[in-house]
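Subject: Structure handover

Hi,

Here is the structure I promised to pass on. Please load it before you read the notes below.

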Amino acid sequence: MIVGIIGGGQLARMLALAGQPLGLEFIFIDPGAGISAASTGQHWQGPYDDPELLRRLAATADVATYEFENVPPATIEYLARHMAVFPSVRALSCARDRLQEKSLFDRLGIPTVPHRPVNSRAELAEAVEALGLPAVLKTRRLGYDGKGQIVLRAPADIGTAWERLGGADLILEAFVEFQREVSIIAARNRAGEVRFYPLSENTHERGVLAFSRARPGDPAAAEACRYMGLLLDEFAYVGVLALELFDVGGRLLANEMAPRVHNSGHWTIEGSETSQFENHLRAVLGWPLGDTAPVGYTAMFNCVGYLPDPKAVMAIGGAHWHDYRKAVRPGRKVGHITARASDKDSLEPAISALKAVLPGHVFD
Ligand code: AMP
């Protein structure tokens, strides 16, 4: 079977690495040269909406999927007319737009961050009036990893924030004083079978995920799974879906969803019976899903803008090294490291040892 993936970054690479033992082959459509996924399948180089590449993909692959939500929806619409493609364009379009996403959370009764749409400077002033300060001004589309967002702390920030982001469709969100950030990841296959992973607890630095820890048995998991179930039902979703939430005194507020495998689920490669990557493939192929039970205790460090010495990492018991084969550049995710231990207590020494070899992080 051949799986076509729109995008050839590290998520595509890890999907292919998970799919190879299952006998799958991969084609990546990506305009870049030297993509992360290059060594794991065929790279068809060209724009994500190149009609000829998409026509060839539909004629060659058995199923198509995508690894990031900024794929042009027209690409998925075209593929859907000619082949099986998951997740659906409806889920994709909703996840691409922070306002649509939050309106959906409201409609489904999933508590979310108080917010207002902003299309003019006057609306920004009104939204600040309604939500108070501090608040976060974000572009509705094409923002990721903290890009396209500005925190407003004082009324004087309104002018500068509008100058920096104004013009695009915007959303103002109340600034949430959360205790922690968590995410729930689930897979749903074509037959409607659903599996949830244990909750991940996530630490961001400058808007970018730095550290995730699997939290099997977390008391917030039941609420997170309920919200995830509502979203999966809403879209009759197929594939892996991630939902990021803020934990405010034990109550969860949905921040955003991602219709794809997610960075906070990379620990599932070593830390779950079936990884999120394998389950995404199983889901889109219409295969039975694999068990998502945790295997030991796991945490993951993102390598953002640097790669440590692999030998120093590998010398640490329980550490698993993942190099995305990307050129190191500031702010770029170029690898990750998972630490796994059979019991909770022995995970801590591995985490401490890893912190010592990973420069530039502010953890916990
Ligand atoms: P996002 O791109 O919306 O996931 O934002 C990236 C990160 O910025 C989040 O993981 C939070 O750490 C922080 N953040 C985003 N929105 C808010 C908010 N409304 N209140 C507080 N922190 C936020």
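First, the ground rules. This is a predicted model, in which local features need pLDDT of at least 70 and side-chain atom pairs count only at pLDDT 80 or more, while totals for chains, interfaces and linings use all residues. Residues are numbered from 1 along each chain as its sequence is written, and side-chain values use heavy atoms, with hydrogens and water left out.

**Domains**

The domain assignment gives domain 1 (2-85), domain 2 (114-174) and domain 3 (180-357). Such bounds come from an automatic or database domain assignment. The centres of domain 1 and domain 2, taken over C-alpha atoms, are 35 Å apart.

**Ligand site**

Which residues come nearest to the ligand? Of the 17 residues around it, they are Arg 98, Lys 138, Val 176, Glu 181 and Glu 256. A residue is near a molecule or strand if one of its heavy atoms lies within 4 Å of it.

Taken alone, the ligand exposes 470 Å², and the protein buries 92% of that. Accessible areas come from the Shrake-Rupley method with a 1.4 Å probe; for residues, only the protein chains shown count as cover.

Strands β6 (135-139), β8 (170-174) and β14 (251-258) each supply at least two residues of the shell around the ligand. Helices (H or I, at least four residues) and strands (E, at least two) are DSSP runs, numbered from the N terminus.

Helix α3 covers residues 73-82, and Pro 73, Thr 75, Ile 76 and Leu 79 are buried in it. Buried means under 20% relative accessible area, exposed over 50%, and partly exposed in between (1.4 Å probe, protein chains only). Seen down the axis of α3, its buried residues fall within an arc of 155° (from the directions of the helix axis to the C-beta atoms), so they line one face of the helix. They pack against β1 (2-6), α2 (51-60), β4 (63-66) and α4 (89-96). Contact here means heavy atoms within 4.5 Å.

Helix α5 covers residues 98-108. Its buried residues are Arg 98, Leu 99, Glu 101, Lys 102, Leu 104, Phe 105 and Leu 108. Asp 97 caps the N-terminal end of α5, with a side-chain oxygen 2.9 Å from the backbone nitrogen of Leu 99. Just after α5, Gly 109 takes a positive phi of about 75°.

Trp 44 lies in strand β3 (residues 42-45). Is Trp 44 buried or exposed? At 9% relative accessibility, Trp 44 counts as buried. Beyond four places in sequence, Trp 44 touches Ile 27, Phe 28, Ile 29, Asp 30, Leu 53, Arg 56, Leu 57 and Thr 60. Its side chain also makes a polar contact with the side chain of Gln 42 (2.9 Å).

His 322 is in strand β16. His 322 is buried too, with a relative accessible area of 15%. The side chains of His 322 and Glu 270 make a polar contact (2.7 Å). Beyond four places in sequence, His 322 touches Ile 269, Glu 270, Val 334, Gly 335, His 336 and Thr 338.

**Backbone features**

Where are the cis peptide bonds? One runs from Phe 86 to Pro 87, with omega near -10°. Pro 87 sits in the loop between α3 and α4. Another runs from Leu 133 to Pro 134, with omega near 0°. Pro 134 lies in the loop between α6 (121-131) and β6.

Arg 206 is not a glycine, yet has a positive phi of about 50°. Arg 206 lies in the loop between β11 (199-205) and β12 (208-215) and is exposed, at 74% relative accessibility. Arg 325 is not a glycine either, and has a positive phi of about 60°. Its place is the loop between β16 (319-323) and β17 (333-341). Arg 325 is exposed, at 56% relative accessibility.

Best wishes

Note on methods
Polar contact = N/O pair within 3.5 Å; in protein donor to acceptor, adjacent residues only side chain to side chain.
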